[in-house]
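Here is a short report on one protein model. Look over the fold first, then read on.

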Amino acid sequence: MNVTHGLRRALQVNAGGVAMICGDRQRTWAEVGERVARFAGALRSLGVGAGDRVAVLMLNQDRYLELYLAVAWAGAVIVPVNIRWSPAEIEDSLRDCRPSVLVVDDAFAEPGMVIARRIGTLRPIHADDGATPEGVASYEELLAAAAPVPDAMRGTHDLAGIFYTGGTTGRSKGVMLSHGNLMADEFNVLAEGLFPLDSIYLHAAPMFHLANGAAMYSLMLSGGTNVVIRAFNPEGVMQAIERHRVNEILLVPTMIQMLVDHPAIGAYDLSSLRRIVFGASPMSEALLDRAVAALPRTQFVQAYGMTELSPIATVLHHREQVGEGRKLGRHRSGGRATFGVQVRIVDANDTPVPPGTVGEICVSGDVVMMGYWERPEETARAVIDGWMHTGDGGAMDADGFVYVVDRIKDMIVTGGENVYSAEVENVVAQFPAVAQCAVIGIPSERWGEEVHAVVMPRPGATVDAEALIAFCHQRIAGYKCPRSVDVRETPMPMSGAGKILKRELRLPFWQGKERRVN
């Protein structure tokens, strides 16, 4: 089994079905199959062989989806590049994995060409509707000139893609995922009832990131319809849902917040939207409540995982976030292990802990990565006896629900007490004037570290720091409450996956110190 299996199946069972919609352009699965086989032939004519890397630096579009399939069809390895990185970070990742081809769109043609010239061995290809820059090969011209080739039929254990981590805790590493890894995740997702054959899925999350990939690869397997917008913006999402009767979408919580708090949400017909899958970071109860109120016909499903897990480990269905599940507090969890996955919580000695005890979340199964690209020592530290050590702190209850409390290194030790920032953020987010928040530990002469909240106000609202702190004191223990608040009028620093970059928020407070704990 490999990632092109879904295309081969779609060509048998749904060849005339709509595969992709991008702007005014629409293609059937039969048309996509022909283009994929031709571009695979074009890659081979350029000397791209089995196991060679093909990097992609583009905004969302239908050709990006074709590339995921065509690179695999050619037997090569795709490397989606984070579009939010600086040119230096992009160049660093490309030097690390040494691709022979870099595919760019209009938005990234200029920096892509500069990087290609600097590296010297990297051939750029332009894949967009605008004019192809001089000296760069054209995707459409290469495709038109190439003959279709048979599927390379890569094996389960062959490398399919290198997905660089977001770098929220350090320098990015290339996560190697095999065809088997990605197929295992696809089947898990479909077994959970997500993204079935009748899906009309909107690609609003960035295609370079594997959060969107969880849906993308599953749609390739089920043969549903892919609707593509170039990048996320709330009105663009609402327009696409209304126009194409989109019924499935994957978003991160920051996107959901922007969508449901947008003043125009009532102006669009969003009744077709049956499900929003969210992941990458937890969603506060306050935001979940606002989202359910704004979209009462839509179910919300949480997927917890990480790139190293292809990417999903646990799933929390909508039924657990309302009614009896809500009464039991399961809406605060990340769900239970999905099919083919085992989850356990371990202590510092790698020994499983009793239910309800906080430790590190570890995951095993066919979704666990092959390893980090050319980093065997870091791979060995992360994967021990087949168990991926996530670096996330959490607990599991007696029914198998996993509660993610924080990144372990985001834990704050204040006055000798442990504070998990996710718990504090959940309370801060309930303050009526707060749209978005992050909680960090900052140095304190008295307490060692103290809890500090960074917040963005909701449109037209004002956050009173003292009132916010008092609000928290009414809901959680005093030592957990923020002792200081920073009200930001500018957006939070974000990773390409939509996670708040806490290290950047911490940096001003810890500069000049040898350690990031106190």
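How many helices and strands does the secondary structure of the protein chain come to? The count is 16 helices and 27 strands. The model is predicted.

**Overall dimensions**

The protein chain has a radius of gyration of 23 Å, close to the 24 Å from the globule rule for 518 residues, so the chain is as compact as a globular protein of that length. The C-alpha trace spans about 70 × 50 × 45 Å along its principal axes.

**Packing and surface**

The table lists percentages for the protein chain.

| Quantity | Value |
|---|---|
| Residues that count as buried, of 518 | 60% |
| Contacts joining residues at least 24 apart, among those between residues at least 6 apart in sequence | 67% |
| Accessible surface belonging to carbon and sulfur atoms | 51% |

The accessible surface itself comes to about 20,600 Å².

**Charges**

The protein chain carries 49 positive and 59 negative charges. How far apart are their mean positions? The separation is 0 Å.

Helix α8 covers residues 210-222. Is α8 mostly covered or mostly uncovered? It is mostly covered: 13 of its 13 residues are buried. At 1.5 Å a residue, the 13 residues of α8 should span 18 Å; the end C-alpha atoms are 18 Å apart, so the two values agree. Which residue follows α8? That is G223, with a positive phi near 85°.

Technical notes:
Residues numbered from 1 in each chain as written. Predicted model: local features only at pLDDT ≥ 70, side-chain atom pairs only at ≥ 80, totals over all residues. Heavy atoms only, no water. Helix = DSSP H or I, 4+ residues; strand = E, 2+ residues; numbered from the N terminus. Rg over C-alpha atoms; globule rule 2.2 N^0.38 Å. Buried < 20%, exposed > 50% of the residue type's maximum accessible area, 1.4 Å probe, protein only. Contact = heavy atoms within 4.5 Å. Areas by Shrake-Rupley, 256 points an atom, 1.4 Å probe, with all protein chains shown as cover. Lys, Arg positive; Asp, Glu negative; His and termini not counted. Charge placed at Lys NZ, Arg CZ, Asp CG, Glu CD. Expected span 1.5 Å × (residues − 1).
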